[in-house]
Amino acid sequence: MDQPMGTPPQAPQAPVQPVSPPPPPPMPPAQTPQQPAGQAPPAQKKSHAWIWVLGGCAGIVILGIVAFVALGWWGARKAKKELEKITPNLEQIKENADKWSKEAEEWEKKSEEFRESLPNPEEMQNQLLPPPQNSPSVQ
């Protein structure tokens, strides 16, 4: 044991930790320069909340316009596709028009032939009525 003679034995001690320096004191708030007496303090910056409000409104309007244009474009395309389904193609319309024109010409010829085959109403009237007789005139 490492103890000198004649000294009483000591109790075991815990290891000694080195002492750290205390933390530095907090920084005091920045001091404003002293104003001379009689002058008003400088004006603080104004908050421009109205700029944010107008910006938000403008953003909403722009989004609304974009949505309106997109919806209109989509609707126009949808309507065009539906009309193409319903409306027959141009070739079919031309074929039908030619067909109807030929049928109309045939009906016109038939009706003309039928009119020519009918007797003249004036001739029929002359055949049915006896010719007028000359009656003696009364004097």
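Start by selecting helix 1: its 38 residues reach 55 Å from the first C-alpha to the last, close to the 56 Å expected at 1.5 Å a residue. That expected span is 1.5 Å times one less than the number of residues. What you have open is a predicted model, where local features need pLDDT of at least 70 and side-chain atom pairs count only at pLDDT 80 or more, while totals for chains, interfaces and linings use all residues. Residues are numbered from 1 along each chain as its sequence is written, and side-chain values use heavy atoms, leaving out hydrogens and water.

Now zoom out to the whole chain. The protein has 3 helices and 0 strands, and from the N terminus on its elements run α-α-α. Helices here are DSSP runs of H or I with at least four residues, strands are runs of E with at least two, and both are numbered from the N terminus.

Color by accessibility next. Of the 139 residues, 0% count as buried. Buried means under 20% relative accessible area, exposed means over 50%, and partly exposed is in between (1.4 Å probe, protein chains only). Helix 1 is hardly covered, with a buried count of 0 among its 38 residues. The protein exposes about 15,000 Å², and carbon and sulfur atoms supply 64% of that. Areas come from the Shrake-Rupley method with a 1.4 Å probe; for residues, only the protein chains shown count as cover.

Back to helix 1, residues 49–86. Select Val61, Ile65, Phe68 and Val69: together they form a nonpolar surface patch with about 440 Å² of accessible area. To join a patch, a residue needs over 30% relative accessible area and no salt bridge; nonpolar side chains (Val, Leu, Ile, Met, Phe, Trp, Tyr) are joined within 5 Å, like charges within 9 Å.

For a patch of another kind, pick Arg77, Lys78, Lys80 and Lys81, which gather as positive charge on the surface. Lys and Arg count as positive, Asp and Glu as negative, with His and the chain ends not counted. Each charge is placed at NZ of Lys, CZ of Arg, CG of Asp or CD of Glu. Lys81 lies in helix 1 and is partly exposed, at 47% relative accessible area.

Last stop: salt bridges, meaning a side-chain nitrogen of Lys or Arg within 4 Å of a carboxyl oxygen of Asp or Glu. The count comes to 2.

- Show Glu82 and Lys85, whose side chains meet at 3.5 Å, N to O. They are 3 residues apart in helix 1, so about one helical turn separates them. Glu82 is partly exposed at 34%, whereas Lys85 is exposed at 65%.
- Then go to Arg115 and Glu112, with their closest N and O atoms 2.9 Å apart. These two sit in helix 2 (residues 90–117), 3 residues apart, so again about one helical turn lies between them. Arg115 is partly exposed at 48%, and Glu112 is partly exposed at 34%.
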